[in-house]
Amino acid sequence: MDTMTGLRQLAERHATMSQPAPRAGEGDVWASLLPRLSPSLRPYAEARRQLGIERYGTPLQANNGRDVLTDALQEALDLMVYMQQAIIEQPYPRRDSDSLISIRDSAIVIAGRLAVLIERRVSTSIESQEGIR
């Protein structure tokens, strides 16, 4: 299999992978992040934390049985396409359009960096397995 075919298969798997529901893990990831947030952002984050508790019975926890990088990649891909949709759909004042474009471009960079991390992890795992043989 050539490199591009392998990369395409890896991308399709991680971009579309369904994961199990989270299981009991450790701690409260939201609580560890909230102090770092600005006062204007904190209420939004607190509301998302509460939604997680209502849906899953617990806030987001570390080591919950899900592939965190895959979750993050999927969310970053969604963010970049939602921002593109906003750019296309809405007439915004110039400063807001510039902000939307900047957010979209940041999401593209984030998604790209996450993809590289996933590729490295998979490559390292394959190398380790080949070393065992």
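**Figure 1. Arg-49 and its charged partner.** In this predicted model, Arg-49 is partly exposed, with a relative accessible area of 23%. (Buried means under 20% relative accessible area, exposed means over 50%, and partly exposed lies in between, using a 1.4 Å probe and protein chains only.) Its side chain forms a salt bridge with Asp-28, and the closest N and O atoms are 2.5 Å apart. This pair links distant parts of the chain, 21 residues apart: Arg-49 sits in helix H3 (residues 42–56), while Asp-28 is in the loop between helix H1 (3–16) and helix H2 (29–33). A salt bridge here is a side-chain nitrogen of Lys or Arg within 4 Å of a carboxyl oxygen of Asp or Glu. Helices (H or I, at least four residues) and strands (E, at least two) are DSSP runs, numbered from the N terminus. Side chains of opposite charge can pair when their charged atoms come close.

**Figure 2. Two further salt bridges.** The structure holds 6 salt bridges, and here are two to look for. Arg-66 and Asp-71 meet through their side chains at 2.8 Å, N to O; Arg-66 is partly exposed, at 27% relative accessible area. Arg-104 pairs with Asp-105, with the closest N and O atoms 2.9 Å apart. Is Arg-104 buried or exposed? Arg-104 counts as buried, at 18% relative accessibility, whereas Asp-105 counts as partly exposed, at 35%.

Figure 3. H4 (residues 68–89) has 22 residues and reaches 31 Å from its first C-alpha to its last, close to the 32 Å expected at 1.5 Å a residue. (The expected span is 1.5 Å times one less than the number of residues.) At the start of H4, a side-chain oxygen of Asp-67 comes within 3.1 Å of the backbone nitrogen of Leu-69. Among the buried residues of H4 are Thr-70, Asp-71, Leu-73 and Gln-74. Gln-74 has a relative accessible area of 18%, and its side chain reaches the backbone oxygen of Met-17 at 3.0 Å.

**Figure 4. The largest pocket.** This pocket has a volume of about 1,000 Å³. Which residues lie closest to its centre? Of the 24 lining residues, they are Trp-30, Leu-60, Arg-66, Asp-71 and Glu-75. H2, H3 and H4 each supply at least two residues of the lining. On a 1 Å grid over the protein atoms alone, a pocket is an open set of points where a 1.4 Å probe fits, with protein on both sides within 12 Å along at least five of seven lines; lining residues have an atom within 4 Å of a point. Grid points are joined across faces, edges and corners, and the volume is the space filled by probe spheres set on the points.

**Figure 5. H3 and what follows.** The end C-alpha atoms of H3 are 21 Å apart, which agrees with the 21 Å that its 15 residues should span at 1.5 Å a residue. H3 is followed by Gly-57, whose phi is positive, near 80°. In the loop between H3 and H4 lies Asn-63, an exposed residue at 52% relative accessibility. Phi of Asn-63 is also positive, near 55°, in a residue other than glycine.

**Notes for all views.** Residues are numbered from 1 along each chain as its sequence is written, and side-chain values use heavy atoms, leaving out hydrogens and water. As this is a predicted model, local features need pLDDT of at least 70 and side-chain atom pairs count only at pLDDT 80 or more, while totals for chains, interfaces and linings use all residues.

Key
Polar contact = N/O pair within 3.5 Å; in protein donor to acceptor, adjacent residues only side chain to side chain.
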